[in-house]
Amino acid sequence: MKDILKELEDRRDVARLGGGQRRIDAQHAKGKLTARERIELLLDEDSFEEFDMFKAHRCTEFGMQEQKPAGDGVITGWGTINGRMVYVYSQDFTVFGGSLSETHAEKICKIMDMAIQNGAPVIGLNDSGGARIQEGVASLAGYAEVFQRNIMASGVVPQISVIMGPCAGGAVYSPAMTDFIFMVKDSSYMFVTGPDVVKTVTNEVVTAEELGGASTHTKKSSVADGAFENDVEALAEVRRLVDFLPLSNKEKPPVRPFFDQPGRVEDSLDTLIPENPNSPYDMKELILKVADEGDFYEIQEDYAGNIITGFIRLEGQTVGVVANQPMVLAGCLDIDSSRKAARFVRFCDCFEIPILTLVDVPGFLPGTSQEYGGVIKHGAKLLFAYGEATVPKVTVITRKAYGGAYDVMASKHLRGDFNYAWPTAEIAVMGAKGATEIIHRADLGDAEKIAQHTQDYEDRFANPFVAAERGFIDEVIMPHSTRRRVSRAFASLRNKSLKNPWKKHDNIPL
């Protein structure tokens, strides 16, 4: 019996070494952790339960039968993050460069199936050279099996991808279908075709970092949601994100203890809006002053800065925040911000996370590049996302809410539950100057008359009271009491029940 136990321990020791000490040292030399070290950092201590430790590939081509490392380049299993269950897979670059084979894919599919069945998030730590060429089409079939699981899991359990090394070719499409993608600066990249192929086909000379590095995907393409300095920081931030999310679509997000008064008054908010209606201010200040303990987890911070998305807690409960940012493009909606916010709103709706919308929007960004780029269709994505969402929706208009952008930003007409406005709110079809020049076109030559008409228009419409008279605004509130009013609104909506008409699925304008 002792011999069998000793053999088991010996086999485990070999499996834990992956591709061997030399390759582990090479991984460390690049500033990267090994697949097992990453899992240890991500999960609670001693909580990891591994599956398929000894699973090996079945390939016999190109002499592959001579090398059959246990685990086949991916570590899979489940564990806990702050006591809550998650499933995890971590690709091992020390074994065949983390390349995906048929059995490697089977291991990932197994835990994804279990995650869907048991209702727990899936976290993928990607560090792979791509498909295992020696296996040919079997490896491609493995990718497609994983893709199918990503699609089935979408909206059922949260899916988080962390890119911690190369991720190229077909491998990029699995993370692309997950809810959040995080990257590590200078050591991870994602692209469909690499720099060499790009040079051959288009004659463009580009480095891997420029083509698909963390900076590219967080600032230009919006493929990734965040970029971190190293593996340790990335994994710590994933732990923090998981704390905001429910385990599945059948559960509510977790409720955490909170040490902040729901009725806390913030007098400084009474002077947040500048005297000059065209002066910017930082909307993040409002978010931080409304949130429990000033804690805000921002998503896609470096992309489309004219809209802010992320998670806060109110009375210990997760709330998704979408807010216009007057500091960037005056808070206008455009193609990028519409896409960013629409995806975030749909995620919140999938997982029963209430949505707080803070509005200061002068309209959609004008210009040929926007129109040629399809701003109509992209703006409709955000409109559609808000309109179909059945979760509690609370909206606060702080300053401008003009034109179609007023409608889009979770207005009462898109089934907003509580629509508040500050006394500084201006809810109108357009700004006073533009409106006056259209209404009083005949007086355009007379500057004095136009100035008077503009003043009259401002007095009549540049306020929240016309909308309040119509019932489109439920209450005009004092800025300093925003946290209390918003917290009470969400508390009153905890048992909200709203269902959309039956349909196979909708046809959002993609």
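Reader: In which sense do strand S3 and S4 pair, and over how many bridges?
Author: This is a predicted model. In the model, strand S3 (residues 84–91) and S4 pair in the parallel sense, over 4 bridges.

Reader: Which residue of S4 is the bridge partner of tyrosine 89?
Author: Glycine 124 is the bridge partner of tyrosine 89.

Reader: And S5, how does S4 pair with that?
Author: Strand S4 (residues 122–126) and strand S5 (residues 159–163) pair in the parallel sense, over 5 bridges. Leucine 125 stands opposite valine 162 in S5.

Reader: What holds paired strands together in general?
Author: Strands of a sheet pair through backbone hydrogen bonds, in a parallel or an antiparallel way.

Reader: Is S4 enclosed or open to the outside?
Author: S4 is largely enclosed by the rest of the structure, because 5 of its 5 residues are buried.

Reader: Which way do the S4 residues point?
Author: Val122, Gly124 and Asn126 point one way. Ile123 and Leu125 point the other way. All are buried.

Reader: What's the strand order in the sheet?
Author: The order is S1-S2-S3-S4-S5-S7-S9. These 7 strands form an open sheet with mixed pairing. Strand S1 (49–51) and strand S9 (226–228) are the edge strands, and each pairs on one side only. On average, neighbouring strands of this sheet are turned by 20° against each other, direction ignored.

Reader: Which H12 residues are buried?
Author: Among them are Ile335, Ala341, Ala342, Phe344, Val345 and Phe347.

Reader: What about glutamate 352, what is its phi?
Author: Glutamate 352 follows H12, and its phi is positive, near 55°.

Reader: Are glutamate 388 and arginine 346 buried or partly exposed?
Author: Glutamate 388 is buried, with a relative accessible area of 15%. Arginine 346 counts as partly exposed, at 28% relative accessibility.

Reader: How many salt bridges are there?
Author: The count comes to 33 salt bridges.

Reader: Which residue forms a salt bridge with arginine 483?
Author: Aspartate 292 does, with the closest N and O atoms 2.9 Å apart. Arginine 483 lies in helix H19 (residues 482–492), and aspartate 292 lies in the loop between helix H11 (283–290) and strand S10 (297–299). The pair therefore ties together parts that are 191 residues apart in sequence. Both arginine 483 and aspartate 292 are buried.

Reader: What about glutamate 237 and arginine 240, where do they lie?
Author: Both lie in helix H10 (residues 231–242), 3 residues apart, about one turn of the helix. Glutamate 237 counts as buried, at 19% relative accessibility. Arginine 240 is partly exposed, at 29%.

Reader: Now the rings. How many aromatic pairs does the structure hold?
Author: It holds 11 aromatic pairs. One of them is tyrosine 143 with phenylalanine 147, which is stacked: 6.0 Å centre to centre, with 15° between the planes. The two are 4 residues apart in helix H5 (residues 137–153), so about one helical turn separates them. Tyrosine 143 and phenylalanine 147 are buried.

Reader: Why is the pair of phenylalanine 311 and phenylalanine 347 edge-to-face?
Author: Their planes are at 70°, so the pair is edge-to-face, and the ring centres are 6.3 Å apart. Phenylalanine 311 is in strand S11 (residues 307–314) and phenylalanine 347 is in helix H12, 36 residues apart. Both are buried.

Reader: Which residues do ring pairs link into a cluster?
Author: Phe180, Phe244, Tyr297, Phe311, Phe344, Phe347 and Phe351.

Reader: Which ring does the charged end of arginine 313 sit over?
Author: The charged end of arginine 313 sits over the ring of phenylalanine 244, 4.0 Å from its centre. Elsewhere, lysine 32 lies over the face of phenylalanine 93, at 4.6 Å from the ring centre.

Conventions
Residues numbered from 1 in each chain as written. Predicted model: local features only at pLDDT ≥ 70, side-chain atom pairs only at ≥ 80, totals over all residues. Heavy atoms only, no water. Buried < 20%, exposed > 50% of the residue type's maximum accessible area, 1.4 Å probe, protein only. Salt bridge = Lys/Arg side-chain N within 4 Å of Asp/Glu carboxyl O. Pairing = 2+ DSSP bridges. Axes fitted to C-alpha atoms, helices over the stretch in contact; angles between N-to-C directions. Phe/Tyr/Trp six-rings, centres within 6.5 Å; stacked < 30°, edge-to-face > 60°. Lys NZ or Arg CZ within 6 Å of the ring centre and 35° of its normal.
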